[in-house]
Amino acid sequence: MTSNALVPLLKELDAWSLAGRDALFWWRDDDAAHPCPELDELLNMTNRYGAPCGLAAIPARVGEPLARRLESEPLIWILQHGLAHVNHAPKGNGAWELGLHRPLPQVLADLRQGRDILSGLFGKRFVPVVVPPWNRMDPALWPELPGLGIRGVSAGYRRSGPTPPPGVRVVGVPCDLLDWESGQARFSGETRCVADLVEHLQRKRTGEHDPLLPSGILTHHLEMDRAAWNFFETLATALARHPAARWAVPPEIWPEEART
């Protein structure tokens, strides 16, 4: 990583310092299922940099091995990545697990089943937040979420979207460390990642976004190349050193008394 790549971010954090305010960040990683060397690398990062991570786990694929592996990892929290990360949409309609290509009661039953699996395996480490596979969830599901005990959604970052029902907080991830457009995941590039974070921070600082909304950083541990991890390490080091930067943990982002 170039020595001056983080300069715009550091200048923006300096502006938060001058205002006497904390700039909140959070880290989400998707597609957790089993213990593996790639997950070990992520866990090493959380401990090395004191960076808590919301691990979006696929309920139908997880089991006791993952629960045991995470027992001694205090900086890991579990989010719900659908049920099985399976596409139910007809060909040509994109990839949807949480669309209405099946009856609504069946989709809701999947969410309920996934919630119960993760709650049973991870207990209080599970935060009932849905991370829709492929960042897609039909708007018809939103009003049903409180009845399922779900208090949050985290999908791809968009400036507009469905209005969540009371008690459901939406928190996206404006900085995705991987570029998926080529069909093969690769590092998005330091310029793009820094620019995405700076833009989100500026919008919060100037009142265009809720200043208490954490600026999200997205990884996929199974797909991360070395360049992406190197950037994350440099970023995490800089955030640890800057007095205005603070990591938020998922139970803080989505407390039991949820706010919207």
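Is Asn135 buried, partly exposed or exposed? Asn135 is partly exposed, at 39% relative accessible area. Buried means under 20% relative accessible area, exposed over 50%, and partly exposed in between (1.4 Å probe, protein chains only).

This is a predicted model, in which local features need pLDDT of at least 70 and side-chain atom pairs count only at pLDDT 80 or more, while totals for chains, interfaces and linings use all residues. Residues are numbered from 1 along each chain as its sequence is written, and side-chain values use heavy atoms, with hydrogens and water left out.

**View 1. Positive phi at Trp134 and Asn135.** Asn135 sits in the loop between S4 and S5. Its phi is near 60°, a positive value in a residue other than glycine. Trp134 lies in the loop between strand S4 (126-130) and strand S5 (152-153). Phi of Trp134 is also near 60°. Most residues other than glycine have a negative phi. Trp134 is partly exposed, at 33% relative accessibility. Strands (E, at least two residues) and helices (H or I, at least four) are DSSP runs, numbered from the N terminus.

**View 2. The nonpolar cores.** A nonpolar core is a set of buried Ala, Val, Leu, Ile, Met, Phe, Trp, Tyr and Cys residues joined through side-chain atoms within 4.5 Å. The largest one has 50 residues; Leu9, Phe25, Trp27, Leu42 and Ile78 touch the most other members. Helix H6 (residues 226-241) supplies the largest share of this core, eight residues. A second, separate core of 14 residues includes Trp26, Val131, Ala248 and Ile253. Contact means heavy atoms within 4.5 Å. Leaving out residues up to four places away in sequence, Phe25 touches several residues, among them Leu13, Leu197, Leu201, Pro214 and Trp247.

**View 3. Asp31, buried without a salt bridge.** Asp31 belongs to strand S1 (residues 23-32). The nearest side chain of opposite charge, Arg61, is 6.5 Å away. For charge, Lys and Arg count as positive and Asp and Glu as negative; His and the chain ends are not counted. A salt bridge is a side-chain nitrogen of Lys or Arg within 4 Å of a carboxyl oxygen of Asp or Glu. Beyond four places in sequence, Asp31 touches residues including His81, His220 and His221.

**View 4. Strand S2, buried on both faces.** Five of the five residues of S2 (residues 53-57) are buried, so the strand is largely enclosed by the rest of the structure. Cys53, Leu55 and Ala57 lie on one side, Gly54 and Ala56 on the other. S1 and S2 run parallel and are joined by four bridges. Two strands pair if DSSP finds at least two bridges between them. Ala57 in S2 is the bridge partner of Ala32.

**View 5. Salt bridge between Arg48 and Glu233.** The structure holds 15 salt bridges. In this one, the closest N and O atoms are 2.8 Å apart. Arg48 lies in helix H2 (residues 37-49) and Glu233 in helix H6, 185 residues apart. Arg48 is exposed, at 51%; Glu233 is buried, at 17%.
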